[in-house]
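Subject: Structure handover

Hello,

Please find the structure below, handed over for your use. The notes after it say what was found.

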Amino acid sequence: SRVAESALPPGKTVDVVTRLGQGLPTVRTDQGKLRQLLLNLVLNALEATANDGRIGIETSASVDLQGTRRVIVAVWDGGPGIAADRLPKLFEPIESGKGGRHSGLGLSIVKTLAMELGMTVVCTSDDNGSRFTVAMPVT
């Protein structure tokens, strides 16, 4: 939550909700790349959220059907959501629909970093906001 709060533009207030799982297994990864991936997701959530809105950061653990243990990090926002027709190409470097100084590369970088780190990232979105979920294998 400190990262999210430090990334807020001057004058903008957003409530940062954190729900951090207890006793999560250790993930061995490149800390710099993981930090950049998560920072891009937090910045994306902040941009999508109106003043006095909410974003959230959640962590948990899971085990898939093959028995692979993963740590899950989810970053969500209470923004307007992403149009359904944009979701299939969400992680491609395209012109952003946000305007201003936004380059539209943040989510492309997220996907690239996730692939380099052996992680997956998915997005779900509706009229109540978007949720990006990163699954990190436990090694």
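Strands β4 and β5 (residues 129-137) pair in the antiparallel sense, over seven bridges. Within this pairing, Val122 stands opposite Thr133 of β5. Please keep in mind that this is a predicted model. In general, the strands of a sheet pair through backbone hydrogen bonds, and the pairing is either parallel or antiparallel.

The two strands belong to an open sheet of five strands, in the order β1-β2-β3-β5-β4, and the pairing across the sheet is mixed. The edges are taken by β1 (14-20) and β4 (120-126). Each of these edge strands has a single partner, so one side of each is left without a neighbour in the sheet. On average, neighbouring strands of the sheet are turned by 15° against each other, direction ignored. Helix α2 (residues 31-48) packs on the sheet and touches β1, β2 (53-63), β3 and β5. The direction of α2 makes about 25° with that of β3.

The chain as a whole

The protein chain has three helices and five strands. Along the sequence they follow the pattern α-β-α-β-β-α-β-β. Of the 139 residues in the chain, 35% are buried. Among contacts between residues at least 6 apart in sequence, 67% join residues at least 24 apart. The accessible surface of the chain comes to about 8,300 Å², and carbon and sulfur atoms account for 53% of that surface.

Salt bridges

The structure holds four salt bridges. In general, side chains of opposite charge can pair when their charged atoms come close. Glu58 counts as buried because its relative accessibility is 15%, and the cut-off for buried is under 20%.

Glu58 also meets Arg131 in a salt bridge between side chains, at 2.7 Å from N to O. Here too, distant parts of the chain are linked: Glu58 lies in strand β2 and Arg131 in strand β5, 73 residues apart. Arg131, at 30% relative accessibility, counts as partly exposed.

Another salt bridge is formed by Glu116 and Lys33, whose closest N and O atoms are 3.0 Å apart. This pair links helix α3, which holds Glu116, to helix α2, which holds Lys33, across 83 residues of the chain. Glu116 is partly exposed, with a relative accessible area of 47%. Lys33 is also partly exposed, with a relative accessible area of 31%.

Ser130 and its surroundings

Ser130 is in strand β5. At 5% relative accessibility, Ser130 counts as buried. The side chain of Ser130 makes a polar contact with the side chain of Ser125, at 2.7 Å. Leaving aside neighbours within four places in sequence, the residues in contact with Ser130 include Val75, Trp76, Asp77 and Gly81. Ile82, Cys123, Thr124 and Ser125 are also in contact with Ser130.

Leu87

Where in the chain does Leu87 lie? Leu87 is in the loop between β3 (69-77) and α3 (106-116). The relative accessibility of Leu87 is 26%, so Leu87 counts as partly exposed. With neighbours within four places in sequence set aside, Leu87 is in contact with Ile82, Cys123 and Ser125. Leu87 and Cys123 are 36 residues apart along the chain, and their C-alpha atoms are separated by 7.8 Å.

Asp52

One backbone angle is worth a look. Asp52 has a phi near 70°, a positive value in a residue other than glycine. In general, most residues other than glycine have a negative phi. Asp52 is in the loop between α2 and β2. At 61% relative accessibility, Asp52 counts as exposed.

Regards

Key
Residues are numbered from 1 along each chain as its sequence is written. This is a predicted model: local features need pLDDT of at least 70, side-chain atom pairs count only at pLDDT 80 or more; totals for chains, interfaces and linings use all residues. Side-chain values use heavy atoms; hydrogens and water are left out. Helices (H or I, at least four residues) and strands (E, at least two) are DSSP runs, numbered from the N terminus. Buried means under 20% relative accessible area, exposed over 50%, partly exposed in between (1.4 Å probe, protein chains only). Contact means heavy atoms within 4.5 Å. Two strands pair if DSSP finds at least two bridges between them. Axes are lines fitted to C-alpha atoms, for helices over the stretch in contact, and angles run from 0 to 180 degrees between N-to-C directions. A polar contact is a pair of N or O atoms within 3.5 Å; within protein, one must be able to donate a hydrogen and the other to accept it, and residues adjacent in sequence count only if both atoms are side-chain atoms. Accessible areas come from the Shrake-Rupley method with a 1.4 Å probe; for residues, only the protein chains shown count as cover.
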